[in-house]
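This report walks through one protein model, from its overall dimensions down to single residues. Keep the structure open as you read.

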Amino acid sequence: MPTPKHGISYWNFTCNAPAFPPLSGDVHVDVAIVGAGIVGTTTARLLKDQGYSVALLDAHRAGQQATGKSTAKVTSQHSLIYQQIEQKFGMSHAQLYATAQQHGIQLIEALVGQHQIPCDLESRPAYTYTLQEQHVAQIEKEVEITQQLGLPSTLVQQCDLPFSIRAAIRYDHQFQFHPTAYVAGLAETLPGDGCHVFENSPVVDWSADHVATAQGKVHAGYIIMATHLPLGQVGGYYTRAFPKAEPVIVAKVPDTLDGMYLNVEDPNHSLRFHRNSAGDQFAIAAGTAFKPGHPDEERQHFRELEDWLTSHFNAEPVYRWVNEDYTSMDQVPFVGRSTSISNDYLVATGFSGWGLSNGSAAAIMLRDLITGTSNPWHELFDAQRFKPLAGGPKLLKESSQVLTHLVSGYLSRKRHSYDEFGNGEAAILKMDGKRIAAFKDEHGLVQAVSAVCPHMGCIVGWNETDRTWDCPCHGSRFALDGTVLHGPAVKPLGKVD
Ligand SMILES: Cc1cc2nc3c(=O)[nH]c(=O)nc-3n(C[C@H](O)[C@H](O)[C@H](O)COP(=O)(O)OP(=O)(O)OC[C@H]3O[C@@H](n4cnc5c(N)ncnc54)[C@H](O)[C@@H]3O)c2cc1C
Ligand code: FES
């Protein structure tokens, strides 16, 4: 069996998209978009289609963060979301959510066709199933509501999974694709006619009329923060959308199944398959969510997912990585104007694990705000909403966990010397009153940085699979040398003497 590649996304590893240059000097455009994930890149394309000049900047490579680390199901079937929205907001808002998702999916299909993007877009049925009698009523209710909403939903008692289920919701005509190839392919269509794409260009400063990297500045009439969670503390979205990490394993399998699958109970398994151009077949699976930077939970959920894959699918793990997404307090993303800087500063975040259809729908909403086109979905997705009744208990729980991480970090017992942990291990230490995040490589060489997250001061935790320092509070991620890999932090972890 090959040694699995740790911390490498299968999608990113198998995408050979040409690189874009970093930003240098001054650039003037109508719209600056920070973040070339599915949201930023799709919005850039839609605005270019309307004649706007756009600069799209990414800290890394286009499509290689949350989007390129997802399982890449493109579906409006989001577990039991419609009964949750119906309960919190009523049927008319569940209808808005459904319509937005359907348009998001159609947009992806249309863009792939229009620009001939080679991203293995394939139509598949999607299933949300349960193994337990206690959840059957929820499945039935979801089918009833989604049929009323006009979604392609049916109730089934079995599907082609190699174990028996109690009930499932089946949607036909959903999609799966290669997410990095899609975003990178879409980004390739952008340069020209006053539009630009800049990679390896981390934005470190921004205001109502510009964004800046260490090497250059983009001046623009509109700023869109498509950075998964808006950078820094602008808009306070980190108090309304909470990071969740999930284990992902890609494993070679002898046979594939036709559909895309997700169960409603814990342990949670999201599954789809992919066949590459050489005919190799892979299962792509995500497991139960955990707080970023909690290595014990990470280990436990990876082990469980691997056991599930190998026992049911005769699978050989080849890649494994951790991905994060932000769950909004009421399960609905925040898309639109954020007043905290100006009316021309827009955001999209809180996709709750479903950012591909939601992210494409967000791009439509962002375009409509800039072009002044009315769009009924804004009422539900309003980025300025704060509805404590719809998200109150979750909000309280998450806020108290943030306080714990601010005070003491994940593990209360801190080590005090580099001798207290072995080669290939990491630890949070307390030395001379300072919190230190240290990793010792296989040869005993220690790499140490401050453990205090520069975003708002929480103590980072170890991500064993990707070998990164991840912040449990708001999901920032850092490399071993402290470099920012993922916001909302924009400054690196501090150096230690
Ligand atoms: C395990 C897992 C599986 C998932 N599977 C699915 C799925 O099957 N279907 C689905 O619909 N959703 C899925 N999701 C959710 C989905 O991946 C996300 O919601 C979606 O990709 C978010 O897109 P985005 O464009 O907002 O973020 P990203 O793709 O992360 O894009 C943001 C970009 O901003 C850039 N950036 C950040 N900071 C800066 C800066 N300072 N300067 C410049 N650029 C910056 C980043 O480099 C990044 O490229 C999954 C999530 C997880 C955790
Ligand atoms: S991401 Fe906010 S404190 Fe770390």
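Strands, like helices, are runs assigned by DSSP; a strand takes at least two residues, and numbering starts from the N terminus. The place of His173 is in one such run, strand β7 (residues 167–176).

## Overall build

This is a predicted model. The protein contains 10 helices and 25 strands. Its C-alpha trace spans about 65 × 55 × 50 Å along the principal axes.

Buried residues account for 54% of the 497 residues.

Helix α8 covers residues 355–371, which is 17 residues. From first C-alpha to last, α8 reaches 23 Å, close to the 24 Å expected at 1.5 Å a residue. Most of α8 is covered: 15 of its 17 residues are buried. After α8 comes Gly372, with a positive phi near 75 degrees.

Now look at ligand 1. It is surrounded by 39 residues, and the closest are Gly35, Gly37, Ala66, Gly355 and Leu356. Which of them gives the most? It is α8, with four residues. By type, the shell around ligand 1 divides into 18 nonpolar, 16 polar and five charged residues.

## A covered strand

Strand β3 (residues 54–57) is covered on both faces. Val54 and Leu56 lie on one side, Ala55 and Leu57 on the other, and all are buried.

Strand β2 (residues 25–34) is a partner of β3. The two pair in the parallel sense over four bridges. Within this pairing, Val31 stands opposite Val54 in β3.

## Two open sheets

Strands of a sheet pair through backbone hydrogen bonds, either parallel or antiparallel. One open sheet has three strands in the order β19-β20-β21, with antiparallel pairing. Its edge strands are β19 (425–431) and β21 (446–450), and each pairs on one side only. Neighbouring strands of this sheet are turned by 25 degrees against each other on average, direction ignored. Strand β20 (residues 434–440) is joined to β21 by five bridges. Lys440 stands opposite Val446 in β21.

Another open sheet has four strands, ordered β22-β23-β24-β25, again with antiparallel pairing. Here the edge strands are β22 (461–463) and β25 (484–486), each pairing on one side only. Three bridges link β22 to strand β23 (residues 468–470) in the antiparallel sense. Asn463 stands opposite Thr468 in β23.

Leu485 sits in strand β25. Is Leu485 buried or partly exposed? It has 18 C-beta neighbours inside 10 Å, so it counts as partly exposed; the cut-off for buried is 20 or more. Leu485 also shows how the chain folds back. Leu485 and Gln65 are 420 residues apart in sequence, yet 8.9 Å apart in space, C-alpha to C-alpha.

Most residues other than glycine have a negative phi, and most peptide bonds are trans. Which residues have a positive phi without being glycine? His173 is one of them, with phi near 60 degrees. Asn314 is another, with a positive phi of about 55 degrees. Asn314 lies in the loop between α7 (295–313) and β16. His173 has 13 other C-beta atoms within 10 Å, so it is partly exposed. Asn314 has 14 such atoms within 10 Å and is therefore partly exposed.

Two peptide bonds also deserve a look. The bond from Asp266 to Pro267 is cis, with omega near -10 degrees. Pro267 is found in the loop between β13 (260–263) and β14 (270–275). The bond from Gly487 to Pro488 is cis, with omega near 15 degrees. Pro488 lies in the segment after β25.

Definitions and conventions:
Residues are numbered from 1 along each chain as its sequence is written. Chains are lettered from A and ligands numbered from 1 in the order in which they are written. This is a predicted model: local features need pLDDT of at least 70, side-chain atom pairs count only at pLDDT 80 or more; totals for chains, interfaces and linings use all residues. The expected span of a helix is 1.5 Å times one less than its number of residues. A residue is buried if 20 or more other C-beta atoms lie within 10 Å of its own, exposed if 12 or fewer, and partly exposed in between; C-beta atoms are placed from the backbone. A residue is near a molecule or strand if its C-beta atom, placed from the backbone, lies within 6 Å of it. Ala, Val, Leu, Ile, Met, Phe, Trp, Tyr, Cys and Pro count as nonpolar, Asp, Glu, Lys and Arg as charged, and the others, Gly among them, as polar. Two strands pair if DSSP finds at least two bridges between them. Axes are lines fitted to C-alpha atoms, for helices over the stretch in contact, and angles run from 0 to 180 degrees between N-to-C directions.
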